[in-house]
Amino acid sequence: MKLIQITDLHLVPAGGRILGIDPAARLRDCIDDINAHHADADLVVLTGDLANNGEPGAYDILDAELARLRVPFRLTLGNHDDRAEVLARHPGAADGAGFAQSVWDGPGGRVILADTLQTGAVEGHLCAARLSVLDGWMASAPGPVWLFLHHPPMALGMPALDRVRLDAPSRAALLSLAQRHGRIAHIAAGHVHRPSAGQWYGIPVTTLRSTCHQTAFQFEDRFASVPEPPAYAVFVIGDEGAAVHFHDFPTRDLRA
Ligand SMILES: [Fe+2]
């Protein structure tokens with residue numbers, strides 16, 4: 001099973017820029033690269049911050065680009081997204097409880113997308129309604145669960161990012177689910193705009209670069225965005241386990 005993760009697109013209405021970067025051009029280059037090299041993937045998962053400020057014009061760009069994607073996709077939300085706007089455009093992304101959560105079964109296990117958007121907050125949250133849906137999906141999973149969500153539960157050792165990860169009550173509830181079902185093979189997150197790999201209570205966790213701008217690699221208690229290269233991730237999942245590749249896809253603006 002081959003999965004691809006794209007995260008933190010931060011799309012803005014046509015013509016807009018972030019740190020001099022055109023987020024739409026970056027997504028176009030990302031999808032071009034996936035279509036050229038990974039059209040055989042089973043699923044593309046988008047882990048939120050699809051738009052920078054939840055603007056309809058930004059989601060227009062997203063939908064036009066997703067229409068070109070040669071691989072099926074699922075999406076969930078980040079703290080910069082507008083839940084109502086996205087679910088109106090993608091009703092299949094909804095879990096029946098009003099959140100952008102979905103489940104997909106493939107040959108290497110069950111992919112679960114969790115919606116950690118807490119409107120008005122930067123940190124992530126999983127309320128009782130969302131946890132109940134996730135509980136049911138984990139209970140009925142036929143095999144390993146590949147959990148994709150925006151906010152990582154894992155601390156990176158970078159204080160400005162660690163303060164705004166999945167909040168403490170949600171981490172405790174997610175850990176309870178994970179331990180009760182024992183099915184989570186991997187947690188893949190976005191939000192931090194940094195590539196990292198580690199573990200959370202023994203569960204492997206990875207985070208990924210944005211397709212747009214990145215977080216400065218600094219461990220002091222301050223935050224800065226920098227125009228480092230973008231990436232997407234490729235999960236190659238087999239009987240023995242999984243490899244996660246972080247691919248800095250080529251972009252027209254960095255080649256220029
Ligand atoms: Fe982001």
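In this predicted model, six strands listed in the order 4-5-6-7-9-8 make up an open sheet of 6 strands with mixed pairing, where two strands count as paired if DSSP finds at least two bridges between them. Helices (H or I, at least four residues) and strands (E, at least two) are DSSP runs that are numbered from the N terminus.

Residues are numbered from 1 along each chain as its sequence is written. As the model is a prediction, local features need pLDDT of at least 70 and side-chain atom pairs count only at pLDDT 80 or more, whereas totals for chains, interfaces and linings use all residues, and side-chain values use heavy atoms, with hydrogens and water left out.

Within the sheet that contains strand 4, this strand runs antiparallel to strand 5 (residues 109-114), to which 5 bridges join it, and aspartate 105 has arginine 110 in strand 5 as its bridge partner. Helix 4 (residues 128-139) packs on this sheet and touches strand 4, strand 5 and strand 7 (184-189), its direction making about 175° with that of strand 5; contact here means heavy atoms within 4.5 Å. Helix 6 (residues 168-181) also packs on the sheet, touching strand 6 (145-149), strand 7, strand 8 and strand 9 (203-207), and its direction makes about 70° with that of strand 8.

Another open sheet is formed by 5 strands in the order 3-2-1-12-13, and its pairing is mixed. Its edge strands are strand 3 (73-76) and strand 13 (242-247), each of which pairs on one side only, and neighbouring strands are turned by 20° against each other on average, direction ignored. Helix 1 (residues 23-37) packs on this sheet, where it touches strand 1 (2-6), strand 12 and strand 13, and the direction of helix 1 makes about 170° with that of strand 1.

Strand 12 is mostly covered, with 5 of its 6 residues buried, buried being under 20% relative accessible area, exposed over 50% and partly exposed in between (1.4 Å probe, protein chains only). Strand 12 (residues 232-237) is joined to strand 13 by 6 bridges in an antiparallel arrangement, and it pairs with strand 1 in the antiparallel sense over 4 bridges. Alanine 233 stands opposite phenylalanine 246 in strand 13 and is also the bridge partner of glutamine 5, while valine 236 has alanine 243 in strand 13 as its bridge partner. Strand 12 and strand 13 form a hairpin with 4 residues between them, and glycine 241 in the turn has a positive phi of about 150°.

The contact involves Ala24, Leu27, Arg28 and Ile31 of helix 1 together with Ile61, Leu62, Glu65 and Leu66 of helix 2.

Definitions and conventions:
Axes are lines fitted to C-alpha atoms, for helices over the stretch in contact, and angles run from 0 to 180 degrees between N-to-C directions.
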